[in-house]
Amino acid sequence: MQLLARFARELRPYAKTLLFVGLLTLVSAILSLQIPNIIGDLFDALNERRPIHLPLVFGSLLGIAAALAALGYSMSVTVTFLGQRFMYDMRRTLYGHLQSLSQGFFEKAQTGKLVSTIVNDVGQVNQLITSGFVTVVQDGVTLIGVLFLIFAEDWRLALMALSVYPVYVVNYAVSRRHLRENAAKISELRGVILSDLQEKLAGVQVVKSYAQERAEVRQYTSLNRDNLNLNVEQSKMGTALFVRAEVISAFGTAIVLCVGGNFVINGQLSVGELVAFLLLATTYLYQPTVRLIQLNDQIARTQAGLNRIFELLDTPPLVTGDADAPALPTIRGLIRYENVWFAYEPEQYVLRDINLTVEPGQMIAFVGGSGSGKTTMINLLSRHYDVTEGRLTLDGYDVRSVNLPSLRQQIGVVLQESVLFHTTILENLRYGRLDATDDEVKEAARAANIHHVIEALPDGYDTKIGEDGTKFSVGEKQRMAIARAILADPRILVLDEATSSLDSETEALIQDALDTLMKGRTSFVIAHRLSTIIKADKIVVMDRGEIKEAGTHAQLIEHGGIYARLYAEQFRAELEAVAA
Amino acid sequence: MDNFKRLLRYLKPYRFRVALAVGLMFAVTLSAIPLPLLQKQIVDVAIPLGKKGLAQSANADLLRARQMLIWVFAGIIGLYLARGFVSYTLNALIGWLGQRVVFDLRFQSYRHLQRLSLAYYDGRQPGKIMARLTSDIDVIQYALTSGFVNFITDVATVFIIIGWLLYLEWRLAVIALLILPLYVVNYKLLLGKIREVSVELRERREKMIGTVTEKLAAIAVVKAFVREQYETDYFMQTVRDNFDLGMVQVKLNRFLGATSQVIRMLGTGLLLWYGGALVLRRNLQPGELLAFYGYIGYLYEPAVRLVDFNVQVQWAIAAIDRVFETLDTRPEIIDAPDAVHLPTVRGEVEFRDVTFGYDPEQPVLHNISFHVQPGETIAIVGPSGAGKTTVVNLLARFYDVQRGAVLVDGHDIKGVRLETMRRHIGTVMQETILFSVSLKENIKYGKKDATDAQVIAAAQSADLHDFITSLPDGYETKTGEDGIKLSGGQKQRMAIARAILADPRILILDDATSALDSHTEANVQAALSDLMKGRTNFVIAHRLSTITSADRILVVSEGRVVDSGTHAELVARPGLYQDLYQEQFKTVGELTDAERVRLLTAGAA
């Protein structure tokens with residue numbers, strides 16, 4: 001119930017439209033209730049063979065129908081517009097919220113489920129609004145009007161007609177819980193199926209490598225079988241509810257017809273009145289009631305989706321950017337980690353008491369085993385996470401005190417896995433700076449040593465990634481990612497294993513470009529291949545969240561500690577070859 | 001429309017149930033016929049009789065009239081109980097049919113997708129493929145089942161009711177029938193527009209899902225470039241497009257509905273006008289007109305539904321075409337009819353004049369030939385984009401060669417059952433993909449029937465066991481959703497453990513250790529050399545230390561094998577390999593001799 005109350009609150013901005021629709025409904029309900037009267041009068045006259053102006057009956061019926069059609073059309077278009085508008089706003093809120101959520105959220109969330117919420121759950125809410133809202137308003141208004149009319153017509157018959165109502169309520173109450181529980185199961189399973197599907201389609205190469213196609217089909221089939229059973233169950237329950245409601249309506253009709261017939265015999269009622277009453281009872285009293293009951297099935301199905309939507313909206317971003325925070329001015333690039341502690345999970349510290357000062361324009365290299373905290377250092381700088389203790393400053397500004405986009409815009413990151421989107425190469429590179437000219441894009445591509453590869457393609461920069469039968473090697477994709485970062489022209493550059501998948505010759509070529517790029521900027525390099533970091537101004541050796549050594553390559557080799565040992569391990573072949 | 005006929009074939013296995021559904025639907029429709037008759041009975045017979053009885057104090061007549069009322073009451077209740085029972089059975093049956101067809105279609109599509117080669121996936125966003133499997137099939141469900149059953153029943157109902165009306169009172173029936181063609185005209189007028197919109201609508205929806213899936217999966221890039229606002233705007237544009245067109249669809253639907261309503265009242269009004277005149281001229285009983293008034297609904301409602309069904313089919317056709325397009329994509333790699341099983345292989349590999357391009361017009365490999373003895377370790381080196389990964393992709397038969405042949409143990413792999421072939425080949429790739437299941441399940445992916453002990457042994461070999469047991473949930477820890485975050489190195493070791501467990505005869509390591517720091521790499525390398533023993537190995541690596549121990553090195557450049565030999569041979573002669581080697585050497589070369597010696601001793605310690 002809380003859920004529906006919140007849903008109602010979400011609908012508040014649309015109150016005016018809702019009111020308008022309500023008004024239209026009222027008019028159309030009043031109009032449509034005229035039909036039974038016209039028919040009733042007609043039959044009264046016919047029964048007594050009293051002349052009646054038949055063209056007038058025809059004209060008024062047709063007029064009412066035309067008016068009802070026009071009203072109905074504008075009403076449903078308005079309501080659909082409202083539903084679509086709501087869906088649009090909801091998707092924007094959801095997607096915007098998702099974008100504001102931190103990296104950490106996405107590392108754990110399955111893309112398929114998120115997509116399912118944005119696409120399917122919101123779509124279902126829209127359906128509830130479009131069809132459900134019309135039902136509630138239209139049928140609600142009709143019901144009230146009809147109650148008024150039938151009591152005015154004959155209160156005894158009205159009571160007779162209403163005598164079946166308690167049965168409706170009982171009928172509904174009996175199956176409500178099952179319907180809702182089953183519906184929740186269905187939509188949950190739907191999410192599971194979608195995320196499984198998304199994951200296996202994205203990872204199809206692994207599936208094929210291990211020849212697991214058959215097992216995957218089996219798994220998918222078994223999930224779908226559960227889905228089949230749940231859905232069949234749901235439709236059975238819904239049908240049973242509906243069919244029972246129909247039988248109850250039939251009882252009501254039969255009571256009215258027979259008791260009313262007796263009234264007519266006794267002269268307490270005219271035939272026309274009975275006919276009108278019957279029409280009112282079956283079409284305008286019972287049908288709306290049955291529809292309102294059916295609506296419950298739909299609400300039940302939507303509830304689980306609403307739940308997920310709100311749950312997603314309620315997930316707080318790990319890092320809350322204060323929109324009013326002052327923008328970070330263009331920085332020189334002085335970075336200070338002051339007594340920084342950090343843990344992803346409470347108490348499990350990944351960084352312990354880190355103190356590090358980076359001068360503007362310096363190149364800093366992080367070295368250490370996997371899990372030593374190198375990437376975390378960078379994540380804190382980009383403020384994907386907030387420090388648990390201590391502080392981190394840029395040119396003296398605490399990263400938490402400045403506007404988040406203004407901070408991240410000054411930090412360019414080249415990741416290990418280079419992701420390119422399904423669009424042209426030009427668009428992909430321009431992602432780094434949306435207003436870059438074609439020449440600037442090409443310039444960046446040249447700097448990243450990828451221009452000649454792109455030029456050699458039949459469609460050049462307009463080649464679509466993933467289509468046109470072109471497949472790029474990991475090294476080529478990596479160079480495009482670097483070009484993208486070059487184009488972004490950030491104040492601080494982060495290369496997180498950016499060159500690890502390049503062969504040494506290509507790396508040497510790119511390194512020249514990177515050297516130019518890094519000049520005058522503060523840069524961070526994470527690399528396992530030590531050859532890339534030898535000329536760093538400072539090499540920081542990390543182990544289990546602590547800085548163990550720091551200094552230049554020469555100093556650390558001289559020092560003969562962890563770094564020297566790593567170096568020797570990596571270059572044993574070469575060292576031995578030279579020594580030999 | 002052809003595709004719709006093809007779709008109907010999916011109902012074929014259930015034809016008896018469909019027939020039963022049609023029969024039941026008939027029963028439900030026919031069960032409505034007595035109600036107006038019962039009403040007529042009351043108005044035309046019971047009431048006049050009762051009135052007469054009351055007026056003339058003829059108690060027998062009054063009693064008979066009241067009895068008649070009770071019979072009518074019982075009749076209605078009995079009728080509706082029977083009708084309720086039938087309609088429940090019917091709806092349950094249709095619900096089952098609908099779900100069953102969706103199930104069959106999903107099963108077929110997914111099985112087909114799994115058969116399609118990697119080339120199919122290279123060019124498509126996973127989100128778009130998903131859209132076809134889910135929402136497109138949902139749209140089809142309605143048109144196919146309840147729509148189709150309704151269609152058959154409605155067509156029959158219209159004819160039966162026409163016959164019944166003609167029998168009851170032919171003049172009134174003719175009036176009622178005059179209106180029917182208007183429905184058809186109304187529908188035909190809008191048909192073109194409806195078709196156009198429906199195709200466009202499915203495409204836009206697919207695009208929306210494709211976009212959102214891709215961008216959410218690559219959120220790291222979005223965030224790295226602070227493109228959150230841009231992405232939101234872009235996504236909203238696709239939603240906006242859907243919104244606008246969705247409104248067009250609704251307006252079309254509603255317009256059709258509203259006009260149908262007017263047409264219906266036109267018929268009803270005419271009927272009452274003409275019928276009323278007949279009653280006044282005493283050519284008709286009022287009760288007969290009342291019954292007719294009731295029946296006319298039975299004529300127009302199916303007529304409206306028939307139009308509606310055609311519209312639904314139009315909406316569904318775009319979705320149907322998409323699903324069949326997927327089903328009709330021929331897998332590029334299929335087993336030949338006479339493909340053989342290879343229960344075991346020794347691991348001899350030969351490339352014979354292989355030419356291949358992802359786009360056949362642009363070959364990536366030109367006339368590659370080499371021969372590998374069982375148990376040999378082959379390193380493939382070369383600049384990025386040279387075709388190294390393509391060579392191993394062809395060996396795993398992710399793609400088929402355009403010219404030449406790849407042979408394993410002397411069998412052309414095109415003639416070997418794909419599944420048995422791939423089981424002998426293990427691949428550890430550059431980018432590791434883990435699924436959202438437990439660590440154990442992930443490791444077992446290559447060998448689903450492995451025992452726990454085997455899993456642990458594999459994890460130990462990949463230097464992962466200690467890490468995993470240090471987790472609170474150990475091997476049951478989930479990755480992905482609600483699971484733990486693994487570092488790049490940990491993920492790669494997971495992939496290695498997976499390959500170790502699968503125990504293939506031919507092992508492909510495509511830059512498998514690039515994400516490992518040198519300390520871990522040394523540990524894993526030890527595990528890998530154990531693993532590689534007795535197998536045929538293909539190693540793609542950029543680090544020389546991983547390559548020097550290979551039995552043979554193939555130097556690849558621009559799609560050709562330009563040189564091959566042992567490390568010692570290759571480094572001795574001028575060429576690409578020597579260049580690559582010296583490049584890596586630079587750093588060591590700059591050290592003094594004393595430093596080198598000290599480093600070597602430190603490293604040995």
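Q: How many helices and strands does chain A have?

A: Helices (H or I, at least four residues) and strands (E, at least two) are DSSP runs, numbered from the N terminus. In this predicted model, chain A has 21 helices and ten strands. Local features need pLDDT of at least 70 and side-chain atom pairs count only at pLDDT 80 or more, whereas totals for chains, interfaces and linings use all residues. Residues are numbered from 1 along each chain as its sequence is written, with chains lettered from A and ligands numbered from 1 in the order in which they are written.

Q: Is chain A spread out or compact, judged by its radius of gyration?

A: The radius of gyration is taken over C-alpha atoms, and the globule rule is 2.2 Å times the number of residues to the power 0.38. For the 580 residues of chain A the rule gives 25 Å, but the radius of gyration is 36 Å, well over that value, so chain A is more spread out than a compact globule. Along the principal axes, its C-alpha atoms fill a box of roughly 125 × 50 × 45 Å.

Q: What span should helix α11 of chain A have?

A: The expected span of a helix is 1.5 Å times one less than its number of residues. Helix α11 of chain A (residues 271-314) has 44 residues and should therefore span 64 Å; its end C-alpha atoms are 61 Å apart, which agrees. A bend at a residue is the angle between axes fitted to the seven residues ending there and the seven starting there. In α11(A), the bend at A281(A) is about 30 degrees.

Q: How many residues does each chain give to the contact?

A: Two residues are in contact if their C-beta atoms, placed from the backbone, lie within 7 Å. Chain B gives 153 residues and chain A 148 residues. On the side of chain B that touches chain A, the largest share, 30 residues, comes from helix α11 (residues 228-280) of chain B.

Q: Is L35(B) buried or exposed?

A: A residue is buried if 20 or more other C-beta atoms, placed from the backbone, lie within 10 Å of its own, exposed if 12 or fewer, and partly exposed in between. L35(B) has 24 other C-beta atoms within 10 Å, and is therefore buried. This residue is found in helix α3 (residues 34-55) of chain B. Not counting residues up to four places away in sequence, L35(B) touches I76(B) and G294(B).
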